[in-house]
Amino acid sequence: MSDLGKRPEVTIETMGKVHNPSGEGVRPVSSEAQKKAVKVQQKVQQEKKWTAETSPPTNPNHPASHGSRPGPHRQHHHHTEGEHETKVKEEGSARRNITRKNTEPSAGAHFDSRNKKQGGAGKGKWDPLDGADQGDLPVLDKNDPLYDEEEAEGKYILSSGEAPDTYANGNPTGFDDVAEKAVYGPMLTLPEFKIRVADALREYWDAADADEVVRGVEEMRCRAFHPEVVKRAISLSLDKGPRERELTSRLLTCLHPTPLADEDMEQGFTLLLDSLEDLVIDIPDAKTMIGSYLARAVVDEVLPPAFLSNRNNSNPGDEVVEKAVGLLSREHCNARMEHVWGPGDGRPVAELKEVMDQLLEVSQNSLIIGLTVHMLFELK
């Protein structure tokens, strides 16, 4: 209460100084804005004064300049009303002729969009028509780190990540008519080679023509992939019947020693034994059948007996090798292994039983002994 007594009394005369809701007597511009405006006016006056002192006398023939800034005067294009408006090209049509600013040379523009490069061969681009790719290339020096002997001699090597580099000093495997150079290396990639071998094997199992398979392997000209023929043939025949397995064993005999050499046969069986774990997942009897293939290959002289002993020394306790050794240790193993997949012609036993029943029926109903003997020789 004592503080309220010290406050001055607010009357109508002093109300404007304390609170002025109507804003009467207050200037519309703040003091800061007034100070900035004064500085701008002073600066403009100084520029006018400096221009009047330094500018040369006026020439009546010189066109008037825009503004009072010092420096050389420029001629400006005076724009007319509606110059940049969208114009109707045809009366009553929705088509418009849109004219952009500074793009028409007839209007006094300084930029012509017709000379602008679009797409390739622009800034930082290669122009295919500049002739840089023509002419003879410089001959590389033999002391140059980039010198390539095969390239300098006019030949190149086709190689695959799966094939060893054994063709550089050998005979060429082909000739490229486009590049006009000899080709050293496999003519196919490993996946392509596998596909072609698989197709040839399926055709062979249907027609039993081993010469066609031998001719196809030679025409593919992929000596580095020859071990894959052995692996592919045996692995694909594991889920087939006895006839296909017998034909596969005969095919290996036809492929050896040309075009598949002893090293190719050994490497092919090595690849097959190394992939045995994957084959057992799909074919539980794979170990037994591969053991029979090994024993049959030794009997047919496709594999040397030393291959089994070397494999047994490097991988002791191998069930497949032990199975093959056991088959070869039996009495009359050669005669037994010739029929390891069944009869000599590879036909299943059920079919042979049916043929035997027909033979007995013919022999009982007729007295033609010669026909019976002929049928027996066919079954031998």
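This is a predicted model: local features need pLDDT of at least 70, side-chain atom pairs count only at pLDDT 80 or more; totals for chains, interfaces and linings use all residues.
## Cysteines

No disulfides are found in a search of the whole structure.

## Cis peptide bonds

The loop between α8 (242–255) and α9 (262–274) contains P257. The peptide bond that leads from H256 into P257 is cis, and its omega is near 5°.

P259 is also placed in the loop between α8 and α9. The bond joining T258 to P259 adopts the cis form, with omega near 10°.

R221 is not a glycine, yet its phi is positive, at about 55°. The residue is situated in the loop between α6 (210–220) and α7 (227–237). With a relative accessible area of 45%, R221 is partly exposed, since this class lies between the 20% and 50% limits.

E301 likewise is a residue other than glycine with a positive phi, here near 60°. Its position is in the loop between α11 (286–299) and α12 (305–314). The relative accessibility of E301 is 63%, so this residue counts as exposed, the cut-off for that class being over 50%.

How values were computed
Residues are numbered from 1 along each chain as its sequence is written. Side-chain values use heavy atoms; hydrogens and water are left out. A disulfide is a pair of cysteine sulfur atoms within 2.5 Å. Helices (H or I, at least four residues) and strands (E, at least two) are DSSP runs, numbered from the N terminus. Buried means under 20% relative accessible area, exposed over 50%, partly exposed in between (1.4 Å probe, protein chains only).
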